[in-house]
Amino acid sequence: MLNVFAPLLETERELREMEAQIADPAAAADEKTYQDLLNRYALKSDWFKDNGGYEIETRIRSVLYGMGFGNFPSDTVVSTLSGGQKTRLALARILLQAPDLLMLDEPTNHLDIQTLTWLEDYLRNYSGALLVVSHDRYFLDRLVTTIVEIERHQSTRYTGNYSRYIELKAAEYESRMKQYEKQQDEIARMEDFIQRNLVRASTTKRAQSRRKALEKMERIDRPLGDLKRASFSFEAEIQTGKDVLHVDHLSYGYDDSKAPLFQNVSFNLLRGETVALIGPNGIGKSTLLKILTGDFKPRSGSLTWGAKVKIGYYDQEQTHLNRDNTVLEEVWSAFPHIEEARIRSVLGNFLFSGEDVLKKVAALSGGEKARVALAKLMLEKANVLILDEPTNHLDLFSKEVLESALLDYDGTLLFISHDRYFLNKMAERIVELHPNGAGHFLGNYDDYQEKKLELEEMAAEKAAQEATKQKPAERSSIQEDDSAAKGKSGAASYEADKQAKREERNRQRRLEQLEELISKLEEDIASLEHELTLPEVYQDYAAVQERQASIDEYKEQLSAIYEEWEQLMDN
């Protein structure tokens, strides 16, 4: 990290040398030379200060802490770090450089949720420009203001975050399709008129005129729909009993002589539940899943699977794939009883068509390996799915297909994910793993965040209450009586303060929601008003009426939202 500040460190070395010269009594003998030295020292010292020379250590510690290196000794050798740690260290170094243009290629890979949140907050306040490639939809929604989509060898620019891009793209496709269909109807009418009137002497001239107009018409191409996407679904062959899994005080360690990786972990799974397992990197989430699948043995504790359970396991590292197999061999060897045509059909749904099925697994990209693993998982027809980072390596469209398939799945789902968008969409309950057990939270990621914040505030309030109860032994009895009297109202005051803070959080959350709605409605109104200036719209009475009705409806909604927003702001 210090290499980033090489010019500043060199300046600091020069300043130390100049200070030694200034302190030398012999230097003061030549007044002019001594004054020049003082002037140079002052200029260099100002430059050092203005460029953050006195903040180097603070900046380094701040960024390293944020990127998860807070507990690492400063003399840790880089070559001893894992691949994910090296990626985070490289990102930390780039952030320290603070360039005018920061280009990030999948910066959220290998980051846990805590580090992701820190990085987002850091980049939201970044003074330079950002160009990001990312499949993390939550990250894109929080950070970006413009999206450039590259598709079919063309780039298209959309203003807004990821969610806004989805809306704009759908609206653009619908608008182009309407224009295309309208022109096709017009062409059909003109061709019909020409065919009926060309042979009649009385109408030949008009028919020829229409034919010339038709020939000169600039044809609108049929808008292309979405690119081919993976298509799949998960089905459970049989149903489990009501109680699917019981985990009781589970612990695990790599060496019996060392402290366990985690201990006292307990939770249950019921039929049909969708539960997310989260926690910082290195806490042992993947290890816990491998204990559940039987790959690892726990140090202590127990786990009990329910009746008729059939487990399907997705490993984020794809260690269960044979690198020497072709794609076809990999899937067919796992399900030899299924005919080749059916296997090829399934692989086609996962975007392996034609010669693609003959590719070696070793030659596949991360996303292709993920799709092979998902194809095998689908064919298992398991009633319990255990998924370790299932959205890693998948493109945005494949993530959405996976989400749809899992939402329709009628079995039980336990998964690990750092994809907060995926957590929000899928999780009904969250289990947070930590070294001494597990915390349990109902709801999705946003609900978990809200509950964590509430718990932190309660802990801070309790600590403050405890601090006020501490009285020095020498305090007079009058002061003690005073404190006792105040203590009677303490509980009521605490509850009132807690309620006030909860109401303030709800008010702020509602204000944010209203501001997002206002922004969206204003953009929609501006877009519709722009459409009214287009010839193909203002020449079509029905189209004008349709857009004007939408504008009026949006303005009415906007007025009501503004009224609620003003009331909340006044409170």
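Begin by selecting Glu 432 and Tyr 448: their side chains make a polar contact at 2.7 Å. The model on display is a predicted one.

Next, show the surroundings of Glu 432. This residue belongs to strand β12, residues 429–434. Its relative accessible area is 15%, so Glu 432 counts as buried, the limit being under 20%. Beyond its neighbours within four places in sequence, Glu 432 has contacts that include Ile 278, Gly 437, Ala 438, Gly 439 and Phe 441.

Proceed to the largest pocket, which has a volume of about 2,000 Å³. To locate its centre, select Tyr 138, Arg 142, Asp 446, Glu 512 and Glu 516, the closest to that point among the 46 lining residues. Then colour the helices α5 (113–124), α6 (137–143), α7 (162–197), α14 (420–426), α15 (445–469) and α16 (477–531), each of which gives two or more residues to the lining. The largest share, 11 residues, comes from α16. Colouring by class shows 22 charged, 13 polar and 11 nonpolar residues in this lining.

Turn now to the largest nonpolar core, a set of 49 residues. Select Phe 232, Phe 234, Leu 347, Leu 374, Leu 385, Leu 406 and Phe 415, which have the most contacts inside this core. Helix α12 (residues 366–380) supplies its largest share, 8 residues. Finally, select Met 67, Phe 69, Leu 89 and Leu 111, which are among the 34 residues of another core, lying apart from the largest one.

Terms used:
Residues numbered from 1 in each chain as written. Predicted model: local features only at pLDDT ≥ 70, side-chain atom pairs only at ≥ 80, totals over all residues. Heavy atoms only, no water. Core = buried A, V, L, I, M, F, W, Y, C linked by side-chain atoms within 4.5 Å. Buried < 20%, exposed > 50% of the residue type's maximum accessible area, 1.4 Å probe, protein only. Helix = DSSP H or I, 4+ residues; strand = E, 2+ residues; numbered from the N terminus. 1 Å grid on protein atoms, 1.4 Å probe; cavity = no way out; pocket = protein on both sides within 12 Å on 5 of 7 lines; lining within 4 Å. Points joined across faces, edges and corners; volume = space filled by probe spheres on them. Nonpolar A, V, L, I, M, F, W, Y, C, P; charged D, E, K, R; others polar. Polar contact = N/O pair within 3.5 Å; in protein donor to acceptor, adjacent residues only side chain to side chain. Contact = heavy atoms within 4.5 Å.
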